[in-house]
Amino acid sequence: MEYMVNKVDAWKDETGCWRINDTIKDCARINLDNPYSVREVLKRLREIVNLPKGIYTTNIEDMWNDDTFEVINRRTLEPIIQLERV
């Protein structure tokens, strides 16, 4: 499946939840054989984006479908990159 890589600008609201303020759409495209594998997603993204190991994960397991999900900071839960199926 092909995914559009979107850069995310997020901020924390008064309740402490992250809100996506803006996205820069279609910065790149990647193909994922298994979108439910966090390891596969991060491996493919590291081929095109500088993502240090051990800092990021995805929220794909928390989403109700695999059409759109985010790469998030493991410690702060801030969304960094959004992946949108095309």
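**View 1. Strands β4 and β5 pair in an antiparallel arrangement in this predicted model.** Five bridges join β4 to strand β5, the latter covering residues 79-85. One of the positions that can be located along this pairing is Val 71, whose bridge partner in β5 is Ile 81. The two strands form a hairpin with five residues between them, and there Leu 77 takes a positive phi near 70 degrees.

**View 2. Strand β4 is also joined to strand β3.** The partner here is formed by residues 56-58, and three bridges connect β3 to β4, with the two strands running antiparallel. Within this pairing, Thr 57 stands opposite Ile 72 in β4. Strand β4 itself, which spans residues 68-73, is mostly covered, since five of its six residues are buried, that is, under 20% relative accessible area. In a regular strand the side chains alternate between the two faces of the sheet.

**View 3. The largest pocket has a volume of about 150 Å³.** Its lining consists of Val 5, Asn 6, Lys 7, Val 8, Cys 27, Ala 28, Ile 48, Val 49, Leu 51, Ile 80 and Ile 81. The elements that contribute two or more residues to this lining are β1 (2-12), β2 (18-31) and β5. The largest share, four residues, comes from β1. By residue class, the lining of the largest pocket divides into nine nonpolar residues, one polar and one charged.

Methods:
Residues are numbered from 1 along each chain as its sequence is written. This is a predicted model: local features need pLDDT of at least 70, side-chain atom pairs count only at pLDDT 80 or more; totals for chains, interfaces and linings use all residues. Side-chain values use heavy atoms; hydrogens and water are left out. Buried means under 20% relative accessible area, exposed over 50%, partly exposed in between (1.4 Å probe, protein chains only). Two strands pair if DSSP finds at least two bridges between them. On a 1 Å grid over the protein atoms alone, a cavity is a set of points where a 1.4 Å probe fits but cannot get out, and a pocket is an open set with protein on both sides within 12 Å along at least five of seven lines; lining residues have an atom within 4 Å of a point. Grid points are joined across faces, edges and corners, and a volume is the space filled by probe spheres set on the points. Ala, Val, Leu, Ile, Met, Phe, Trp, Tyr, Cys and Pro count as nonpolar, Asp, Glu, Lys and Arg as charged, and the others, Gly among them, as polar.
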